[in-house]
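Please look at the structure below with its sequence beside it, and follow the paragraphs one part at a time.

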Amino acid sequence: MTDPSLCALCPRLCRYACPVAQGTADEGATPTSMAQAWRAAKAGDLPWKAAADVLSRCTGCMACKAPCELEQDVPSYLYEARAEAWTNGAVPDGAALMHRRYLDSGNPFGADLTSSLREHGDDDDFERKGRVLFWPGCRSLHEQPDLVAGLMPIFRALGADHVSLPARKETPCCGAPLRAIGDDAGFQVAIAANQQYFNRQRTWITPSGECLNAVREGYPSTGNAITAEVLHLSEFLLFFAEQLADLGHAAYVHRAENGLPAPQVVVFDSCGVGRRAGRGDAIYGVLEAALGSAPPSFAPSPGRTVCCGAGDFHDLRRPDAAAQTADWAAAQGVAPPGSWLVTTDAGCMGSLRGRLPGVEVYDLVGFLVAWLGPVVTTGAKASTPAPSGLKANG
Ligand code: SF4
Ligand code: SF4
């Protein structure tokens, strides 16, 4: 059972697994230091403001769980600790800035995300056709609204024409950023704004690890579980594996006809979808269907996936530390120049872009649009066999 006092007394057994401690060489980023800071603040031995700063140094990646002999769930108790700091008026500067943006715009980026998607999507994409909602999450809407809209024709080409985007009046954020900074009251307000809408869906799908975990575990932790089936995008797409294979075959032919080589694809196993949610395998099935062979993992060894530094909006709360963590992560695995690195979580792509020379970084949405978009747009058919030697990863 998770007990922060065990971490406070521990000789930092997980120190070398923690990407933040490794990337920043900051001993304050270990669970031991964070649990000690929380305990000291509760005892009145440390100002809550100082404790809140220490408690913010975690991406929620759960890499500390593997070396831990005591099965501690550090991210869960840090949510509780940050909430206690919040009620004591202690909010780190980065979290306060993110919160101000949220209050101004309804999302942590301070942008009008509803308008940005409206610019790119077709009217029909927002109409409720079935009870399957594609929830892009605020980060995707901020970083790639064009690709989010570009996925809708691919859903239709796969036969998933019952999928719709959030209705235009809906808020684009599930509240995950508020949970990450300890604003429990704000998180409850966000849940109240979304819960009925989500409950009207039969299936709720997202490419975001943050949204997946907020709705999968955060909503129930407040007694507000939703009734819709909650799936990562990769899990939903596995239902369309045969159609993915047909379109993937057409993509090979299309690229060959246009003199383009087949990309070598590598998977970046994102912590939020894999370790946190236990949903990290489906992307391999999706990519195998779309590419004809299973891609390798970026992880240095099986199960040893690395955190990109952006989990729990760490990149918005502590940009410098997140950048150092991302540098460390990029150095842990191998993605050859010219390859496509596909992240399981939309939250990782921005952190990894530009850190791997010659590598195109996509999340699953971006990969599908880049790989299948041209054949869906042109209506190309898989009528001719793919030229030999053109299989990706082959
Ligand atoms: S998570 Fe486990 S290994 Fe890490 S400090 Fe806590 S008790 Fe020790
Ligand atoms: S959850 Fe990840 S970032 Fe947080 S303490 Fe554990 S290993 Fe470090």
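Helix α17 (residues 282-291) lies across β5 and β6, running at about 165° to β5. Helices (H or I, at least four residues) and strands (E, at least two) are DSSP runs, numbered from the N terminus, and angles run from 0 to 180 degrees between N-to-C directions, with axes being lines fitted to C-alpha atoms, for helices over the stretch in contact. This is a predicted model, in which local features need pLDDT of at least 70 and side-chain atom pairs count only at pLDDT 80 or more, while totals for chains, interfaces and linings use all residues. Residues are numbered from 1 along each chain as its sequence is written, and chains are lettered from A and ligands numbered from 1 in the order in which they are written.

The strands under discussion belong to an open sheet of three, in the order β5-β6-β7 with parallel pairing, where two strands pair if DSSP finds at least two bridges between them. Because β5 (265-268) and β7 (360-363) stand at the edges, each with a single partner strand, one side of each is left without a neighbour in the sheet. On average, and with direction ignored, neighbouring strands of this sheet are turned by 30° against each other. Strand β6 (residues 340-343) pairs with β7 in the parallel sense over four bridges, and V361 in β7 is the bridge partner of L341.

Elsewhere, two helices can be examined as a pair. Helix α7 (residues 113-120) packs with helix α10 (residues 145-158) at an angle of about 50°, their axes 8 Å apart. That makes α7 oblique to α10, since angles under 35 degrees count as roughly parallel, over 145 as roughly antiparallel, 65 to 115 as roughly perpendicular and the rest as oblique. Where they meet, S116, L117 and H120 in α7 face P145, D146, V148 and A149 in α10, two residues being in contact if their C-beta atoms, placed from the backbone, lie within 7 Å.

The ligands complete the tour. Around ligand 1 there are 14 residues, of which C7, C10, L13, C14 and C68 are the closest; a residue is near a molecule if its C-beta atom, placed from the backbone, lies within 6 Å of it. The elements that give two or more residues to this shell are α1 (4-9) and α3 (31-43). Ligand 2 also has 14 residues around it, with C18, C58, C61, A63 and C64 coming nearest, and the elements that give two or more residues to its shell are α2 (19-24) and α5 (74-87).
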